Amino acid sequence: MPLTVAVECLSGCSGCEAAMLDMGTAFMDLLSEVDFVHLPLLMDHKYAETGEGKRAAVPEADLGIVSGGIRTREHLELAILMRKRCRTIVAMGTCAGHGGVPALANQYSSGEVVRAVCGEEWPAPCGESALLDRTYSLDEKIEVDFHLPGCPPHPDYIEMTFRAILEGGMPALPVKSVCDSCPVYREGKGLTKSIGRSTRSARYELGTPLGRMRCLLEQGFLCMGPVTRGGCGGASGETAPKCIAAGVPCGGCHGPIRHNGNPLVDMLNALMSNGVDVRGFPDRQGTLLRFTGAHGRLRKKAQGPGAPGRRT
Ligand code: SF4
Ligand code: SF4
Ligand code: SF4
């Protein structure tokens with residue numbers, strides 16, 4: 001009997017499902033052992049398995065894969081339905097695991113968000129009442145059996161997850177930081193005392209081996225590598241982290257190294273213990289929790305000139 005799989009996307013971008021297709025031939029191979037019974041990105045059945053098509057309906061499945069966090073009442077209904085209908089639930093990607101980029105809106109009230117999108121004069125169609133008070137990660141609302149990190153997860157790890165579940169277990173993902181697989185060189189001294197967002201380019205001669213580039217943190221860029229879970233380069237461990245390979249600092253899209261870690265606290269600790277002045281850090285919450293604002297971490301900002309909904 002094939003493993004039946006239901007896939008659902010909530011408050012996310014569907015990039016996680018696209019990453020499943022990025023498995024390429026491995027995805028095709030899986031199809032002899034896996035039966036996708038629900039996958040709205042690819043299969044159009046309008047949730048109308050039964051009934052009149054007005055209520056969500058998900059077929060029963062051995063495995064439920066959910067990407068995206070929970071922002072609306074509909075998301076919450078679907079998440080609860082997935083939990084009821086699927087024996088095992090995998091939270092796929094950073095949005096499902098930690099809220100992801102959509103959780104940046106947790107710094108504002110739902111009313112502010114709706115007004116920012118729809119304008120003061122036309123709030124009704126956006127339905128503020130359809131929104132929950134903030135974006136939640138999946139495990140804040142339903143029981144999750146396994147978190148697959150990444151934005152999106154690397155196809156290698158998606159395949160490993162399918163393989164492990166097909167064999168009756170759970171995958172053992174590496175628990176390492178982005179720095180652990182980063183090939184740049186470090187001098188271990190002279191860390192810039194003021195680190196922040198920057199629009200300048202890293203000092204690095206394109207086309208030369210990455211090992212000749214100095215650590216971006218040491219160059220004064222905010223690189224979240226020390227507190228971010230590695231794996232974006234794939235399971236072989238031989239490929240550099242994606243952003244570093246492009247000469248760009250890690251933004252932290254894989255979330256914390258351990259699921260309950262807090263990148264804001266960990267990164268501030270790392271910077272302060274190196275004597276970096278973090279007091280003038282611009283948009284500290286939004287930058288250090290850019291991908292991990294669920295679990296109640298991102299707090300509401302005081303209404304100010306930059307708040308959504310404020311016409312400045
Ligand atoms: S984790 Fe990234 S790729 Fe996946 S749904 Fe969220 S934003 Fe998209
Ligand atoms: S801080 Fe950034 S550039 Fe430096 S080693 Fe870590 S991931 Fe690489
Ligand atoms: S380097 Fe950091 S931000 Fe870039 S893909 Fe990897 S984990 Fe994500």
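The shell around ligand 1 divides into 5 nonpolar residues, 5 polar residues and no charged ones, where Ala, Val, Leu, Ile, Met, Phe, Trp, Tyr, Cys and Pro count as nonpolar, Asp, Glu, Lys and Arg as charged, and the others, Gly among them, as polar. The model is predicted, so that local features need pLDDT of at least 70 and side-chain atom pairs count only at pLDDT 80 or more, while totals for chains, interfaces and linings use all residues. Residues are numbered from 1 along each chain as its sequence is written, chains are lettered from A and ligands numbered from 1 in the order in which they are written, and side-chain values use heavy atoms, with hydrogens and water left out.

**Ligand 1.** Select Gly12, Cys13, Gly15, Cys16, Gly93, Thr94, Cys95, Gly150, Cys151 and Pro152, which surround ligand 1 (a residue belongs here if one of its heavy atoms lies within 4 Å). Next colour helix 1 (15–21) and helix 4 (93–98), each of which supplies at least two residues of this shell; helix 4 gives the most, with 3 residues. Helices here are DSSP runs of H or I with at least four residues, and strands are runs of E with at least two, numbered from the N terminus.

**Ligand 2.** Move to ligand 2 and select Val178, Cys179, Cys182, Val184, Arg186, Cys215, Leu216, Leu217, Cys223, Gly225, Pro226 and Ile244, the residues around it. This shell divides into 10 nonpolar, 1 polar and 1 charged. Within the selection, Cys182 is buried at a relative accessible area of 16%, and Cys215 counts as buried too, at 15%; buried means under 20% relative accessible area, exposed over 50%, and partly exposed in between, with a 1.4 Å probe and protein chains only. If you look for disulfides (pairs of cysteine sulfur atoms within 2.5 Å), the count comes to 0.

**Strand 6.** Now select residues 131–136, which form strand 6; because 5 of its 6 residues are buried, the strand is largely enclosed by the rest of the structure.

**The whole chain.** Finally, show the protein chain, whose secondary structure comes to 9 helices and 7 strands. Of its 312 residues, 49% count as buried.
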